[in-house]
Amino acid sequence: MQLVVVGIGNAVYEYSVKFAASKYKYQLFALIGEDEDLVRQIFAASDIYLAPYRIDTFSENELIALRYGAIPVVRSVGSLNDVVVNEENGYKFEKFSKMDMMDALNRALGCFEDKDKWHDMVGRAMRLNFSWGKTSGEYKEIYNIVANTDMKKCVKEILIFFQY
């Protein structure tokens, strides 16, 4: 197994990852910085995308990972929580802790060992549609509801639309 670490962050972590990559050059690769083309190639060659964020970063990495079939293992924060459906298109963990993260990662690795189950999950992930074409159609529906309805009915329709 090989590990690729991509990102920018705390200088102590960056140094630690770079040091480990120099020590374990055949098992660990570290890309500290930004190189969008290389990042997409890494996603395309990956099986799992690990995003243990403490806070939501509002990145699109989980969307790119899903598109390329790299199953996300993410902390349940912000957009990561919205995009990843646990055990459908990825794996989630709640607490920002090593134990919770390892539990989610172990669940992903367990699925990876069942090739049929893994293949189905990768297929579901790659078929997800987060395009603006889909989103703009949803916004257009909401706009039409607002334009053609009284406000009480409009609020009720919007809440139903978003399944609250």
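Guide: A salt bridge is counted here where a side-chain nitrogen of Lys or Arg lies within 4 Å of a carboxyl oxygen of Asp or Glu. The model is a predicted one, in which local features need pLDDT of at least 70 and side-chain atom pairs count only at pLDDT 80 or more, while totals for chains, interfaces and linings use all residues. Residues are numbered from 1 along each chain as its sequence is written, and side-chain values rest on heavy atoms, with hydrogens and water left out.

Visitor: How many salt bridges does a search of the whole structure find?

Guide: Side chains of opposite charge can pair when their charged atoms come close. In this structure the search finds four salt bridges, and one of them joins Arg 107 to Glu 87, whose closest N and O atoms are 3.3 Å apart. This pair links distant parts of the chain, since Arg 107 belongs to helix 5 and Glu 87 to the loop between helix 4 and strand 5, 20 residues apart; helices (H or I, at least four residues) and strands (E, at least two) are DSSP runs numbered from the N terminus.

Visitor: Are Arg 107 and Asp 103 buried, partly exposed or exposed?

Guide: A residue is buried under 20% relative accessible area, exposed over 50%, and partly exposed in between (1.4 Å probe, protein chains only). Arg 107, at 24%, is partly exposed, as is Asp 103 at 43%. In the whole protein chain of 164 residues, 28% count as buried.

Visitor: What should I look for in the backbone at Glu 87?

Guide: Most residues other than glycine have a negative phi, and most peptide bonds are trans. Glu 87 has a phi near 65°, a positive value in a residue other than glycine, and this residue is partly exposed at 41% relative accessibility.

Visitor: Which residue forms a salt bridge with Glu 88?

Guide: Arg 124 does, with closest N and O atoms 3.6 Å apart. This pair, too, links distant parts of the chain, with Arg 124 in helix 6 and Glu 88 in the loop between helix 4 and strand 5, 36 residues apart. Arg 124 is partly exposed at 31% relative accessibility, and Glu 88 is partly exposed at 40%.

Visitor: Which residues of helix 6 are buried?

Guide: They are Trp 118, Met 121, Val 122, Gly 123 and Ala 125, and what covers them includes strand 3, helix 3, strand 4, strand 5 and helix 5.

Visitor: Which members of the largest nonpolar core touch the most other members?

Guide: In soluble globular proteins, nonpolar side chains tend to be buried together. A nonpolar core is a set of buried Ala, Val, Leu, Ile, Met, Phe, Trp, Tyr and Cys residues joined through side-chain atoms within 4.5 Å. The largest one here has 28 residues, among which Phe 43, Tyr 49, Ile 71, Val 73 and Tyr 91 touch the most other members. Among the elements that each supply at least two residues of this core are helix 2 (36-45), strand 3 (48-51) and helix 6 (115-127), while the largest share, five residues, comes from helix 5.

Visitor: With which residues is Tyr 49 in contact, leaving aside its neighbours within four places in sequence?

Guide: Contact means heavy atoms within 4.5 Å, and by that rule Tyr 49 is in contact with Phe 43, Asn 61, Glu 62, Ala 65, Ala 70, Ile 71, Pro 72 and Val 73.

Visitor: In what order do the elements of the protein chain run from the N terminus on?

Guide: The order is β-α-β-α-β-α-β-α-β-α-α-α-α, made up of eight helices and five strands. Along its principal axes, the C-alpha trace of the protein chain spans about 65 × 40 × 30 Å.
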